[in-house]
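Please read the report below alongside the sequence and the coordinates.

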Amino acid sequence: MRYGIIGGSIAGISAAKAIRENDSSADITVISGEKAGPYYRPIIPYLISGQKSEFDILYPEDPLRGRDIASVLGTAISVDAKKKEVLLASGARMSFDVLLLATGSVPLKPTIPGLEGTDVYPLRNMAQAIRISNAAKTSRSAVIIGGGLVGIKAALALRERNRSMGEGPREVTVIEALPEILSGRIDQRGVKIIRAAVEQEGVSVLTNTRASEIVRAQSAVTGVKLSTGKTLKADLVVVAAGVRPNITYLRHSGIKTNRGILVNESLRTNVAGIYAAGDVVEGRELLSNKNTVSGLWSNALEMGRAAGANMAGGNVNYPGFLSVMNASEIAGIPFVSAGLIEADGGKYKTISHEDGEGYWKLVLDGAFLVGAVFVGDLNNAGVYTNLIKNHIPITRVRDKIERRIAAYVDLMNN
Amino acid sequence: MNQIFVKPEKCMGCRSCEIACAIQHSKDKSLFPAISQSPAPMKRLFVEAAGGTRMPVLCRHCEDAPCISACISGCLYQDEKKFVRRKKERCIGCWSCVMACPFGVISRDREKHIAVKCDRCHKQDVPACVNACPTHALVLADAGVMSEEQRRKVVFTEATGASR
Amino acid sequence: MEKSIDSGTLFALKAADTQGIKTVWDRYEAQKPQCGFGETGLCCRNCMQGPCRIDPFGEGPQTGVCGANADVMVARWVARAVAAGTASHGGHAKHLAHTLLKSANGEAPDYPIKDEAKLRAVAARIGVTNVGDVKTLARNVAMKALEEFSEKESPLTWAASTMTKGRVDTFVKLGVVPTGIDSVVAEAMHRTTYGVDADPVNLLLGAIKCALADYAGCHLATDLADILFGTPQPAVTRANLGVLKKNAVNIAVHGHNPLLSDMIAQVADDKGLNDKARAAGASEGINVVGVCCTGNEVMMRHKIPLATSSVSQETAILTGALDAMVVDYQCIMPSLANVAECYHTKLITTMSIAKIPKATHIEFQEANARESAAQIISVAIDAFKKRDPKKVSIPDVSSQAIVGFSTETIIGALAKVNKEDPLKPLIDNIVSGNIYGVCLFAGCNTVKVTQDANYVAMIKELAKNNVLILATGCASGAFARHGFMTPEATNKYAGPGLKAVLTAVGQAAGLGGPLPLVLHMGSCVDNSRAADLAVALANKLGVDLNQLPVVASAPEAVTEKAVAIGTWAVAAGLPTHLGVVPPVLGSKVVTQVLTSTAKDLFGGYFIVEPDPIKASAQLLSAMSERRKGLGLSA
């Protein structure tokens, strides 16, 4: 059996491993566009800050090594479902019996006059992060378009570079079209704490603001004109305005897509023998019961695993994912947010508490914990996220859960 | 392979295991220097109580460890003895593992800004916590050799992942 | 588990929660799990070869380094706990004795002899014959009292002269007669130190000997307090946090000894100080409230309302309306300083042996007590000026409480029914079964029991079964908060026989209704009053204490003092209930002796039962057994 996997990041790697575990004689090929080999994508901002080198963010050892899995460097430009063939940009063709689409996502490019050209960088992969890192060395003022996790981390990385290496922009501004940064990643109260800390680190944050033009003198960027009319001085622009699933190569394949690739609970597409996993998938969000694109490392890993097992004849059910399951530390503020983080009354009960230690919030739906936000104190956070993730009803331990003092032992008594 | 088992009915809640763990992970590995070490050494297991049960909760070194799956920097890994360990220098303090561990046994070293967890005292045969337990509520045994009845009595016979 | 069933406490705890202030309940939560070795009494730190612990499951060590086994470790703990309790009550009593001596010598003019009749009664009982004036008599009583502390060649006067002859004979026979309060504490420390007494039963007898000294200390404290401040008379007051006043300078007296609290209560009436308070903006002047046992002292002598007690002491500060908390010693949680820090409240320590960092220390001088009290009140008035009105939230909760039933008062009320033989009505009713028995509630509140829950559950159960209820210490606080010290409670909860008796005595005493359901006898040292009543009954009946249907209960006990009191109650022959398991279960021998063998030796024994309903049933059955023994209807 020939297995093809397009995409060499976490979904693709996890799938390849799962296939090998289920089928020892499988002929597995992974096609990846990343020259450097597999690396930890979520930490590419550390290349910008200079805290880590390219080498540091690679997998400590090739995760596919010793498993007899072929790696091909290349970019798929189309899939012929009937012929069971993938066409690569190089002109090469790869045929398969079973195929996994794990091509992740690509940065959204907002339509802003002047965006095309030098000094403007998207941030999605290692190569782009390295380019930003190089550009940062001589930058004096940088503007980040987009105040999501990537944009904020990029902004803080630029400040960190300035502080620890004495080079890089002194002025860093994040512009966000929405009323608040980190939209959907953490609740309104939590984000206020984080935003204050981000600003404390010397990052200016402008919300409800768009970039209306990238101002250039000859070719070089000199500023960013804002929807407010003001123009910010800038010699470096990072575009972190979100991503979209990387599906353009599937245009004529007959594989059903919407925003992302549509799959069933086996992670199979509408075409027999073709599966999809990771950020390219548009799947079921378990709390809202609506289709959406995940964008989370751990979800991609789980999808890859399930898809790989199913490709090799297994029967793993993957009903969907939670779109909020974040842990991070931003500007010195550690936080975890999971599940439904902003409930608008109704059947939901929200409990929150704030003191010198930090802030926490729990959202309950009857006997179920459906959302949690922990800012500052993360003790036993996993005990809570486990309740959310695995939909475990709370019975006898409700009091301790609601006071945020539950530990694993409490669940044994639940 | 030897695993740590917990017999909750024997746990006195004395926290000797916590102290031994912190000492084991201190600079000098003995009590008196450890209590004056600053920042204080951190324990990796936690004696907790609920209802009539009290017991140390510690890393199960899950076969399919949620913390390893959640790790976004390549810090956590399963070593050749199947212990879930850290490559400390790779930790970036993103706390994804803290979020993922359903047992709540990964904590934050605020000074070094890295995640802290049980390393099963991998350099020695018997972990410090097991050595310290005065009532043998913590025992080291080979799961394969334990009788069915013994297994039913102990917690942590299964190295399960997120689901219980 | 709920923290409390008291609405005042729960109200204040909500304020703590919103402001992120940690209370005793939070600290308890943080301590969990508590160490099982400690809980079972199986650890020993008495020497530097230790610490040692014993594995209760048998796999680990069964003896400490010195060879002491579980029984020895546990028995030594019992003895040392009793010794600590005895030292506390003794210290309290000694403080009063010194003051009485100063008073007699004219060195403490602010402490005149207030109750000459009591002085004469005490003098007569202890064999001090009247030689001259009141001052000389007082001096002789004080000297005799002080002699009680060192080692004498004879039994403690305050124990021997207040017990039944049967008891004294039993104590002599078992070799547990104490000859000095401080000396027996020292003896307990001696015999429990490294390599002395290793016989658990002998150690327990030593503990009992010490506990009898505790009894003497308590009795002494009660007697001298009455002499200096007056024997309590019934007084109507109120209890719970609602007694704090928004428009007054609120001063809480907390601790134990009336030497401090009574003086504050007296001086708080001073017009000049009240004018000063009003000038500071407190339109209602100065409002003194009580907390814990010293609250009991001033409640029954000055009608000072009781704000809270025991485990919930922090709640008084949490109202935001307390301007000063003035403390002496015992049961003062160090955490008060941290809670006070969140408010304008001044925590004022007054005793050289009881200081708390971050508190204001104003050394209380008996020689110029009024001046000390005035100084303390002035500090409170100054603090009032800094009160933050936004933080003030006083729960509108308080219950009426009729308090102050000293033995003298009870006998006085009975005398209204039968002038020649006051005890006869009581005895007749016990004989007839109208009064099934008597239960003395004593002790504290604890985080380990929902505050007041055991008291309330047990009183309902016992009153329904016609048990006459006496209460002291923080047990009184619990009953007062929940309205059990009222005639209404008698009408509502007393069984028909009990109701008839309380009504008849109440009517005869001119109350126009029944006596309250709970007869408040005072603070925890005043357990001696209950003992006096029981001794009077026994002597009247010609039987010993261990034959009477009289029991005791400390359903929410905390302190070493409670261990000492419980132990002398057992020695006095009373079945004594504990609602919190003491750290003795690690030793089968000690458990056996305390709950069973003691019955053979003394008649009294411990009943350990956390469940209040089951405990009530066990106490009723103990009373039933006693009634049968006396040939009464069971």
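## Basis of the values

This is a predicted model, in which local features need pLDDT of at least 70 and side-chain atom pairs count only at pLDDT 80 or more, while totals for chains, interfaces and linings use all residues. Residues are numbered from 1 along each chain as its sequence is written, chains are lettered from A and ligands numbered from 1 in the order in which they are written, and side-chain values use heavy atoms, with hydrogens and water left out.

## Chain C as a whole

Chain C holds 26 helices and 16 strands, both taken as DSSP runs numbered from the N terminus (helices H or I, at least four residues; strands E, at least two). With a radius of gyration of 24 Å, close to the 26 Å from the globule rule for 634 residues, chain C is as compact as a globular protein of that length; the radius is taken over C-alpha atoms, and the rule is 2.2 Å times the number of residues to the power 0.38.

The C-alpha trace of chain C spans about 65 × 65 × 50 Å along its principal axes.

## Helices H4 and H24

In chain C, helix H4 (residues 70-104) packs against helix H24 (residues 560-571) at an angle of about 100°, and their axes are 7 Å apart. Axes are lines fitted to C-alpha atoms, for helices over the stretch in contact, with angles running from 0 to 180 degrees between N-to-C directions. H4(C) is therefore roughly perpendicular to H24(C), a label given to angles of 65 to 115 degrees.

Residues of H4(C), including C:Trp77 and C:His89, meet residues of H24(C), among them C:Glu560 and C:Thr567, where contact means heavy atoms within 4.5 Å.

Conventions:
Angles under 35 degrees count as roughly parallel, over 145 as roughly antiparallel, 65 to 115 as roughly perpendicular and the rest as oblique.
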